[in-house]
Amino acid sequence: MEETKINYNKEFEKEIKRILTLSNKPKLLLHVCCGPCFTYPYEMIKDYFDITIIYNNSNIYPEEEYNRRLNELKQYLKDISSNIKVIEFPYDNLTYNKDLEPYADQREGMDRCRICFRKRLGQAIDYAEEHNFDYVGTVMSISRFKNSQDLNKIGLELSMGKNVKWLPADFKKNNGYEKSLEIVRAYQMYFQHYCGCKFSIRSKKDEL
């Protein structure tokens, strides 16, 4: 039997309504994979949270691409006059890929991606709990190629029993992806054409 899909955009809206009843903005640790994916989600959440960004994306290959995406994110924060702090984790693609290599031949969106989500989101959730954040979430659901069911299910599972709450979201809803592209064009941002990992580069080449 096919698993019932959850509307995580509605779950997000419910959570925002609850947050609006609070006297203070909760602290959110937001996992960000690149500047373009941050743009529209930021517009969605900026009025409701005290935001800190975590950039822990050792999946990105090569290192030049990792740094380019990080620098583009930092430049966008400057362009919008934001003082949001970016927490950077050390880059170690070689170690990171050891768990992904057995799934190298899979197409994007399968077990390799779910393992990758679990590694990065797990690290973010642990950091959020250790540093007393109220919420933790990710911008990755803005992408048409990221399964919001997988992302949220993993986030909810990993945060269970923790002293930090997962922020459910599906930022691609309500034309979110298209709105993010409008912002990217307006700020002339670098927009990558593959997920980030070396396996996705290979699959993109296969499609050409």
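Select strand β1 (residues 27-31) together with strand β4 (residues 135-138), which pair in the parallel sense over four bridges; pairing requires at least two DSSP bridges between two strands, and helices (H or I, at least four residues) and strands (E, at least two) are DSSP runs numbered from the N terminus. Within this pair, L28 has Y135 of β4 as its bridge partner. This is a predicted model, in which local features need pLDDT of at least 70, side-chain atom pairs count only at pLDDT 80 or more, and totals for chains, interfaces and linings use all residues. Residues are numbered from 1 along each chain as its sequence is written, and side-chain values use heavy atoms, without hydrogens and water.

Four of the five residues of β1 are buried (under 20% relative accessible area, with a 1.4 Å probe and protein chains only).

Then turn to the largest cavity, of about 80 Å³; a cavity is a set of points, on a 1 Å grid over the protein atoms alone, where a 1.4 Å probe fits but cannot get out, and lining residues have an atom within 4 Å of a point. Its volume is the space filled by probe spheres set on the points, which are joined across faces, edges and corners. Select its lining, including N59, R112, C116 and F199; helix α5 (residues 111-130) gives the largest share, five residues.

Finally, select E108, M110 and D150, which are among the residues lining the second largest cavity, whose volume is about 50 Å³.

Definitions and conventions. 1 Å grid on protein atoms, 1.4 Å probe; cavity = no way out; pocket = protein on both sides within 12 Å on 5 of 7 lines; lining within 4 Å. Buried < 20%, exposed > 50% of the residue type's maximum accessible area, 1.4 Å probe, protein only.
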